[in-house]
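Open the model in your viewer and keep the selection panel to hand. The stops below go from one selection to the next.

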Amino acid sequence: MDKLRKKYFEACADEWDKSFTAEDYEILSFLIDSFNISKKAKIADLGCGTGIMFDMLRRKVGSDGMIVGVDFSGRMVKKARQNFPFDNVYEVDGDVEDLPLQSGSFDMAISFAAFAHFTNQKKVMEEASRILKQGGKFHIIHLSGSKELVEFHQQVGGPVAQDHLPADADMMKLFEHGHFLDVKIQDHPGLYLASATKG
Ligand SMILES: C[S@@+](CC[C@H](N)C(=O)[O-])C[C@H]1O[C@@H](n2cnc3c(N)ncnc32)[C@H](O)[C@@H]1O
(Lines give C-alpha, C1' and ligand atoms only; values in the text may rest on other atoms or scores of the structure.)
Protein backbone atom coordinates (compact mmCIF):
# COMPACT_ATOMS: atom_id res chain seq x y z
CA MET A 1 0.00 0.00 0.00
CA ASP A 2 1.25 3.45 -0.93
CA LYS A 3 0.56 5.74 2.03
CA LEU A 4 1.36 8.98 0.19
CA ARG A 5 -1.05 8.21 -2.67
CA LYS A 6 -3.68 7.09 -0.20
CA LYS A 7 -3.34 10.36 1.71
CA TYR A 8 -3.54 12.29 -1.55
CA PHE A 9 -6.81 10.61 -2.58
CA GLU A 10 -8.26 10.93 0.92
CA ALA A 11 -7.80 14.70 0.56
CA CYS A 12 -9.54 14.69 -2.86
CA ALA A 13 -12.65 12.76 -1.74
CA ASP A 14 -14.95 15.60 -0.66
CA GLU A 15 -14.68 17.46 -3.97
CA TRP A 16 -14.18 14.43 -6.23
CA ASP A 17 -17.71 14.29 -7.67
CA LYS A 18 -17.27 17.79 -9.08
CA SER A 19 -14.40 16.68 -11.31
CA PHE A 20 -16.62 15.00 -13.94
CA THR A 21 -18.26 16.69 -16.89
CA ALA A 22 -21.50 15.74 -18.66
CA GLU A 23 -19.30 14.58 -21.56
CA ASP A 24 -17.37 12.23 -19.24
CA TYR A 25 -20.66 10.64 -18.14
CA GLU A 26 -21.77 10.30 -21.74
CA ILE A 27 -18.55 8.59 -22.90
CA LEU A 28 -18.46 6.33 -19.87
CA SER A 29 -22.07 5.37 -20.38
CA PHE A 30 -21.37 4.63 -24.08
CA LEU A 31 -18.43 2.39 -23.10
CA ILE A 32 -20.43 0.55 -20.48
CA ASP A 33 -23.19 -0.04 -23.06
CA SER A 34 -20.57 -1.54 -25.38
CA PHE A 35 -19.45 -4.10 -22.76
CA ASN A 36 -22.64 -6.19 -23.21
CA ILE A 37 -23.13 -6.63 -19.49
CA SER A 38 -25.68 -9.31 -18.72
CA LYS A 39 -28.41 -9.22 -16.11
CA LYS A 40 -27.33 -10.89 -12.84
CA ALA A 41 -23.64 -10.16 -13.54
CA LYS A 42 -21.29 -9.61 -10.61
CA ILE A 43 -18.93 -6.72 -11.25
CA ALA A 44 -15.93 -5.47 -9.27
CA ASP A 45 -15.00 -1.79 -9.66
CA LEU A 46 -11.29 -1.52 -8.77
CA GLY A 47 -10.35 1.92 -7.41
CA CYS A 48 -14.03 2.93 -7.38
CA GLY A 49 -13.56 6.35 -5.77
CA THR A 50 -16.96 7.88 -5.02
CA GLY A 51 -18.70 5.39 -7.31
CA ILE A 52 -19.16 7.27 -10.57
CA MET A 53 -19.88 4.00 -12.44
CA PHE A 54 -22.14 2.41 -9.85
CA ASP A 55 -25.50 3.62 -11.13
CA MET A 56 -24.68 2.85 -14.78
CA LEU A 57 -23.49 -0.65 -13.83
CA ARG A 58 -26.38 -1.29 -11.45
CA ARG A 59 -28.90 -0.60 -14.22
CA LYS A 60 -27.12 -3.16 -16.43
CA VAL A 61 -26.95 -6.02 -13.92
CA GLY A 62 -30.45 -5.50 -12.52
CA SER A 63 -31.62 -6.35 -9.03
CA ASP A 64 -30.19 -9.91 -9.20
CA GLY A 65 -26.72 -8.69 -10.08
CA MET A 66 -24.13 -7.15 -7.80
CA ILE A 67 -21.59 -4.34 -7.87
CA VAL A 68 -18.64 -4.30 -5.49
CA GLY A 69 -16.47 -1.19 -5.43
CA VAL A 70 -13.06 -1.36 -3.77
CA ASP A 71 -10.98 1.64 -2.81
CA PHE A 72 -8.26 2.18 -0.21
CA SER A 73 -9.45 5.69 0.57
CA GLY A 74 -11.94 5.39 3.41
CA ARG A 75 -13.30 8.84 2.58
CA MET A 76 -13.94 7.92 -1.06
CA VAL A 77 -15.68 4.75 0.09
CA LYS A 78 -17.82 6.70 2.58
CA LYS A 79 -18.92 9.13 -0.16
CA ALA A 80 -19.66 6.23 -2.51
CA ARG A 81 -21.90 4.69 0.17
CA GLN A 82 -23.74 7.99 0.64
CA ASN A 83 -24.11 8.47 -3.11
CA PHE A 84 -25.39 4.98 -3.92
CA PRO A 85 -27.19 3.34 -1.01
CA PHE A 86 -28.52 0.42 -3.07
CA ASP A 87 -29.05 -3.11 -1.78
CA ASN A 88 -26.88 -4.76 -4.43
CA VAL A 89 -24.06 -2.19 -4.41
CA TYR A 90 -21.29 -2.82 -1.88
CA GLU A 91 -18.40 -0.49 -1.10
CA VAL A 92 -15.29 -2.02 0.38
CA ASP A 93 -12.43 -0.14 2.01
CA GLY A 94 -9.53 -2.24 0.74
CA ASP A 95 -6.40 -2.49 -1.36
CA VAL A 96 -6.78 -3.64 -4.97
CA GLU A 97 -3.34 -5.23 -4.69
CA ASP A 98 -4.77 -7.63 -2.12
CA LEU A 99 -8.48 -7.81 -2.87
CA PRO A 100 -10.70 -8.90 0.03
CA LEU A 101 -12.89 -10.76 -2.48
CA GLN A 102 -13.53 -14.42 -3.19
CA SER A 103 -11.65 -16.16 -6.02
CA GLY A 104 -13.52 -17.00 -9.23
CA SER A 105 -16.64 -15.11 -8.19
CA PHE A 106 -16.94 -12.13 -10.61
CA ASP A 107 -18.07 -11.88 -14.22
CA MET A 108 -16.32 -8.58 -14.81
CA ALA A 109 -13.73 -6.27 -13.28
CA ILE A 110 -13.55 -2.64 -14.34
CA SER A 111 -11.02 -0.06 -13.34
CA PHE A 112 -11.84 3.50 -14.35
CA ALA A 113 -9.30 6.33 -14.08
CA ALA A 114 -7.40 4.28 -11.54
CA PHE A 115 -5.02 1.71 -13.08
CA ALA A 116 -2.32 4.34 -13.74
CA HIS A 117 -2.34 5.06 -9.98
CA PHE A 118 -1.81 1.49 -8.84
CA THR A 119 1.72 1.12 -7.44
CA ASN A 120 2.03 -2.60 -8.18
CA GLN A 121 0.12 -3.05 -11.44
CA LYS A 122 1.35 -6.64 -11.79
CA LYS A 123 -0.23 -7.56 -8.47
CA VAL A 124 -3.49 -5.85 -9.44
CA MET A 125 -3.54 -7.89 -12.64
CA GLU A 126 -3.03 -11.10 -10.62
CA GLU A 127 -5.80 -10.11 -8.24
CA ALA A 128 -8.23 -9.15 -11.02
CA SER A 129 -7.57 -12.53 -12.62
CA ARG A 130 -8.01 -14.35 -9.32
CA ILE A 131 -11.45 -12.91 -8.56
CA LEU A 132 -12.78 -13.41 -12.10
CA LYS A 133 -14.57 -16.49 -13.32
CA GLN A 134 -13.13 -18.17 -16.40
CA GLY A 135 -14.33 -16.12 -19.37
CA GLY A 136 -14.72 -13.05 -17.17
CA LYS A 137 -13.72 -9.68 -18.61
CA PHE A 138 -11.33 -7.04 -17.33
CA HIS A 139 -11.66 -3.49 -18.68
CA ILE A 140 -9.18 -0.74 -17.88
CA ILE A 141 -10.46 2.71 -18.82
CA HIS A 142 -9.01 6.21 -18.75
CA LEU A 143 -10.72 9.10 -20.51
CA SER A 144 -7.45 10.27 -21.99
CA GLY A 145 -4.72 8.62 -24.00
CA SER A 146 -1.61 7.40 -22.18
CA LYS A 147 0.52 10.37 -23.38
CA GLU A 148 -2.07 12.94 -22.26
CA LEU A 149 -2.30 11.15 -18.94
CA VAL A 150 1.44 11.47 -18.33
CA GLU A 151 1.24 15.21 -19.00
CA PHE A 152 -1.85 15.58 -16.83
CA HIS A 153 -0.31 13.79 -13.86
CA GLN A 154 2.89 15.83 -14.19
CA GLN A 155 0.78 18.99 -14.01
CA VAL A 156 -1.13 17.71 -10.99
CA GLY A 157 2.19 16.93 -9.30
CA GLY A 158 2.60 15.54 -5.77
CA PRO A 159 2.42 11.77 -5.22
CA VAL A 160 0.68 11.14 -8.59
CA ALA A 161 3.19 13.14 -10.70
CA GLN A 162 4.83 10.00 -12.10
CA ASP A 163 1.71 7.85 -12.42
CA HIS A 164 1.32 6.36 -15.89
CA LEU A 165 0.00 3.46 -17.90
CA PRO A 166 2.36 0.76 -19.14
CA ALA A 167 3.41 0.88 -22.80
CA ASP A 168 1.28 -1.46 -24.95
CA ALA A 169 3.88 -4.27 -24.99
CA ASP A 170 4.18 -4.10 -21.20
CA MET A 171 0.41 -4.03 -20.76
CA MET A 172 0.21 -7.13 -22.97
CA LYS A 173 2.78 -8.83 -20.71
CA LEU A 174 0.77 -7.86 -17.62
CA PHE A 175 -2.37 -9.40 -19.11
CA GLU A 176 -0.41 -12.53 -20.11
CA HIS A 177 0.91 -12.74 -16.56
CA GLY A 178 -2.73 -12.74 -15.38
CA HIS A 179 -3.61 -15.50 -17.89
CA PHE A 180 -5.82 -13.19 -19.87
CA LEU A 181 -6.60 -13.82 -23.54
CA ASP A 182 -7.95 -11.78 -26.42
CA VAL A 183 -6.27 -8.56 -25.25
CA LYS A 184 -7.33 -5.38 -27.06
CA ILE A 185 -5.80 -1.98 -26.38
CA GLN A 186 -7.04 1.34 -27.74
CA ASP A 187 -4.86 4.31 -26.93
CA HIS A 188 -5.57 7.65 -28.54
CA PRO A 189 -6.34 11.19 -27.41
CA GLY A 190 -9.45 11.09 -25.28
CA LEU A 191 -9.47 7.37 -24.55
CA TYR A 192 -7.39 4.52 -23.19
CA LEU A 193 -9.26 1.24 -23.13
CA ALA A 194 -7.59 -2.12 -22.48
CA SER A 195 -9.87 -5.15 -22.39
CA ALA A 196 -9.22 -8.86 -22.03
CA THR A 197 -10.85 -12.16 -21.16
CA LYS A 198 -9.71 -14.46 -18.38
CA GLY A 199 -8.57 -17.76 -19.93
C1 LIG B 1 -8.28 8.96 -9.97
S2 LIG B 1 -9.22 8.14 -8.76
C3 LIG B 1 -10.55 7.40 -9.69
C4 LIG B 1 -11.72 7.03 -8.83
C5 LIG B 1 -12.96 6.54 -9.60
N6 LIG B 1 -12.71 5.33 -10.34
C7 LIG B 1 -13.46 7.64 -10.48
O8 LIG B 1 -13.16 7.61 -11.69
O9 LIG B 1 -14.11 8.54 -9.97
C10 LIG B 1 -8.21 6.72 -8.38
C11 LIG B 1 -8.74 5.94 -7.20
O12 LIG B 1 -7.93 4.78 -7.03
C13 LIG B 1 -7.80 4.56 -5.64
N14 LIG B 1 -6.61 3.73 -5.43
C15 LIG B 1 -5.33 3.98 -5.82
N16 LIG B 1 -4.53 2.95 -5.45
C17 LIG B 1 -5.33 2.04 -4.84
C18 LIG B 1 -5.10 0.77 -4.23
N19 LIG B 1 -3.86 0.22 -4.20
N20 LIG B 1 -6.14 0.11 -3.70
C21 LIG B 1 -7.40 0.65 -3.73
N22 LIG B 1 -7.67 1.84 -4.27
C23 LIG B 1 -6.66 2.53 -4.83
C24 LIG B 1 -7.70 5.95 -5.05
O25 LIG B 1 -8.02 5.99 -3.67
C26 LIG B 1 -8.71 6.71 -5.91
O27 LIG B 1 -9.99 6.73 -5.33
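In which sense, left-handed or right-handed, does α2 cross α3? Select both helices in this predicted model: α2 passes α3 in a right-handed crossing. Helix α2 covers residues 22–34 and helix α3 residues 54–61; their axes lie 10 Å apart and meet at an angle of about 25°. Angles under 35 degrees count as roughly parallel, so α2 is roughly parallel to α3.

Now show the side chains between these two helices. From α2, L28, S29 and I32 meet M56, L57 and K60 of α3. By class, this contact has 4 nonpolar, 1 polar and 1 charged residues.

Next, select the strands. They form an open sheet of 7 strands with mixed pairing, in the order β3-β2-β1-β4-β5-β7-β6. At the edges stand β3 (89–93) and β6 (180–188); each has a single partner strand, so one side of each is left without a neighbour in the sheet. From one strand to the next the twist averages 15°.

Inside the sheet, pick β4 (residues 106–112) and β5 (residues 132–142), which pair in the parallel sense over 6 bridges. Here M108 stands opposite K137 in β5.

Helix α7 lies across β6 and β7 (191–198) and runs at about 155° to β6.

Finish at the ligand. Around the ligand are 20 residues, the closest being F9, G47, G49, F72 and A113. Both α1 (3–12) and β2 (66–71) supply at least two residues each to this shell. Coloured by class, the shell divides into 11 nonpolar, 5 polar and 4 charged residues.

How values were computed
Residues are numbered from 1 along each chain as its sequence is written. This is a predicted model: local features need pLDDT of at least 70, side-chain atom pairs count only at pLDDT 80 or more; totals for chains, interfaces and linings use all residues. A residue is near a molecule or strand if its C-beta atom, placed from the backbone, lies within 6 Å of it. Helices (H or I, at least four residues) and strands (E, at least two) are DSSP runs, numbered from the N terminus. Ala, Val, Leu, Ile, Met, Phe, Trp, Tyr, Cys and Pro count as nonpolar, Asp, Glu, Lys and Arg as charged, and the others, Gly among them, as polar. Axes are lines fitted to C-alpha atoms, for helices over the stretch in contact, and angles run from 0 to 180 degrees between N-to-C directions. Angles under 35 degrees count as roughly parallel, over 145 as roughly antiparallel, 65 to 115 as roughly perpendicular and the rest as oblique. A crossing is left-handed if the near helix is turned anticlockwise from the far one by less than a right angle, and right-handed if clockwise. Two residues are in contact if their C-beta atoms, placed from the backbone, lie within 7 Å. Two strands pair if DSSP finds at least two bridges between them.
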